[in-house]
Amino acid sequence: MEKHHQDVLERNRSILCSDLDLSLVVDHLIQEEFLSPEEKERICASRSRSEKTGELLSMLYAHEDGFGAFVESLKSTHRHLYEMLISESETHLTDDTEVEVLKTELKQKNILLSKFRPMPWLPQHQMRLANVYTKLQLVSSVSFQDPRQMDRDQQLSLDNLFAPHELSSDPKRILVEGEAGIGKTTLLQMLVSKWNEGSCGGECGAPCVHCFDLLFNLHAKDFIGHTSIPDVIKSCLLARDSEISAETLDAILQTHKVVLVVDAYDEGNMENKLLYDVIEGRVLKDATVILSCRPAFLNFRFFDSIFVVHGFDEEHQIEYMDKFAHEMNLSPNSLVELQQKMSNELQDLCRNPFILTILCILCSENSQLPSTLAAVYKAVHEFFIEKASRKTSRDKDDIKRTVIFPLAKLSFEIYNKEKQLTEEDFVDICCSPQEACQIGYLSVDETVGSLQNTTRCYRFGHRSLQEFLATIHLGKMAAGERLAWLQSKNVYQIDTIVIFLFGQLNDKDLASIAAVIMENMRFQPLNFSKLSIYSCSQSHLVLHCLNELVGRDISDGLKSVLAENCPLRVHISRDCSISCIQGVSLICSLIKKKNSVCLTFDLDATKDFVPLMKQLKRCECISSVQLNNPKDRIKFNDYLRALQWVTLAKIGSDHHPSRLQNLFRAIASCKRITALTFADMQINDALMPSICEMVESLEDLRDLTL
Ligand SMILES: Nc1ncnc2c1ncn2[C@@H]1O[C@H](COP(=O)(O)OP(=O)(O)OP(=O)(O)O)[C@@H](O)[C@H]1O
């Protein structure tokens, strides 16, 4: 059967499942010798009505004229289905040439995306996306519910974004979420490039981007000010003199398999009614929409599939660095320091592709490598100023005064208004857009308006660079004004700025706002009770902020504000990074109240908590330690050795009964334990002697829960 006929049937699968009397149709098809009696038996053997219909459709797909025969079988018995299928297949035929014209126009526009600027502020460095694109780690919504699916997620890639799963057989609203610079835009860009290449010939295996007749690649801001999707497409994707009308687009959107790829909802979420309607399925409900966004902007309930981008794993960090060095013609030696730090103190930051790119550049320039988020951006910032000063022979302070500070003010104002930056915005400040572009923060975006009256628009090389500048402005603001601004915001929507503030402000300024910021942080992920895995990204903003202060000599005033507002229960999860661990260590050194902090560790084969556990020995504030998933026996023994100072312990599930004896023996070495709980463990009578042995050696044990 031809593909467009298959598409017509697939689009109408649900109505066919509900309205079709299979016995009437199948008998007719047997009479016409399209189906054999054995095939009829196979159909009847299927359990549900929809499985029976699915079986029939797949048999028809195998016949060259399966569509004609099927439609004919409906003519006298199911008139409404007959007319619906005929009319849809005819519409398709009349559209064919227009669809091809549209497809060509879209593909031509997309060709630009196959080129890639890894540092958007340095446009001279362009490379082919396919040469540097490196696999990103994705975690799916299915794993949020069931951690056993985690292993499956290791296989997740671009090709699985549209695949059906336990929670949705046909995902139509797909969310790709992730922090700043983690690779969302690049992932979507690669998806679009794949579609541009044409059919995959079934290589992708599952429903993939090649299944779509048309792909519309848009930015969330493109929808603002429009009332219909054809308008958006005409004004953002088609040439001004394109012959494709809005009416034709409308008809094509209704009758073809289309996907809308929409980037950066976080940048275009204000007054964007049309996009809200699309997300909620009030517009284009049958189309597939894949949308990228930073965390905390969207309600998950509108989405059939959710993917969280976790950046590069260790293997892919190295792969990216190699590809990048090759494309940039860098000598392998220039990246040696980065490679060493990558598996240690910079492990956390290198997960983020944008930061890794900056670190590669810094390293190749022989600069010292920083280790916190704010310090990295500060280094990038200094990197820009240094270069600009060398290029223009101007003093660095002069550049800061005349370009950076006015631009910081502007970036703060624009950040608040979420509007596009135009030439007009520069009229009242002493810095010109050309100077800002020269420094590296800005680049020209596009020219809008009529021929006589054009306005040039600009954009920041990366949103996080704009946030860094906005933070510089916040740092220069009067304390009261800064406080009022922070109070008006959701800290999770300005998380990068909040981290930058911790890294940038002096102790006095930070002490005056830290309580307000920390008060609004939650230390448990949203929907915690429904999640089986603890999510670090949703709950450890406080730890990332505190990590900015590690190694700094903090004043007593700031120490007491932090200590009063720190969480007293901290859960170190599988996806925690060094910055979380450093944050915990700072919390425990700040809190002086005895026995007030409870720590939970989700033990993981790839993480080593031993140094932290040893270090915490000196902290009297810890009241109890819980260890979950102690799967690796040797490592678990190391943990228990490092925790010999603990008095209250809880051991989580997942211990195989045959290994429990060893577990009890190892626990027996933690002599200071006064209370011990085993959660969800299968303990039988045969184990009683070893439990007694353990209890006997724990002389201080007062409380045992099995
Ligand atoms: N898969 C990848 N392969 C190679 N480089 C990547 C990849 N993903 C991201 N990068 C690098 O990281 C930079 C930032 O990525 P990107 O703009 O996609 O992040 P983002 O998640 O969209 O950020 P934001 O939310 O701030 O817009 C890119 O310019 C590129 O240099």
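Buried residues, defined as those with 20 or more other C-beta atoms within 10 Å of their own C-beta atom, placed from the backbone, make up 37% of the 706 residues in the protein chain. The structure is a predicted model, in which local features need pLDDT of at least 70 and side-chain atom pairs count only at pLDDT 80 or more, whereas totals for chains, interfaces and linings use all residues. Residues are numbered from 1 along each chain as its sequence is written.

Along the principal axes, the C-alpha atoms fill a box of roughly 85 × 80 × 50 Å.

The protein chain contains 33 helices and 17 strands, these being DSSP runs (helices: H or I, at least four residues; strands: E, at least two) numbered from the N terminus.

The shell around the ligand has 23 residues, of which P118, G183, T185, T186 and P353 come nearest; a residue is counted if its C-beta atom, placed from the backbone, lies within 6 Å of the ligand. Helix 11 (184-196), helix 18 (353-364) and helix 22 (463-476) are the elements that give two or more residues to this shell. The ligand lies between domain 2 (101-311) and domain 3 (370-465), because both give residues to the shell around the ligand; the domain bounds come from an automatic or database domain assignment.

How values were computed:
Buried ≥ 20, exposed ≤ 12 C-beta atoms within 10 Å, placed from the backbone.
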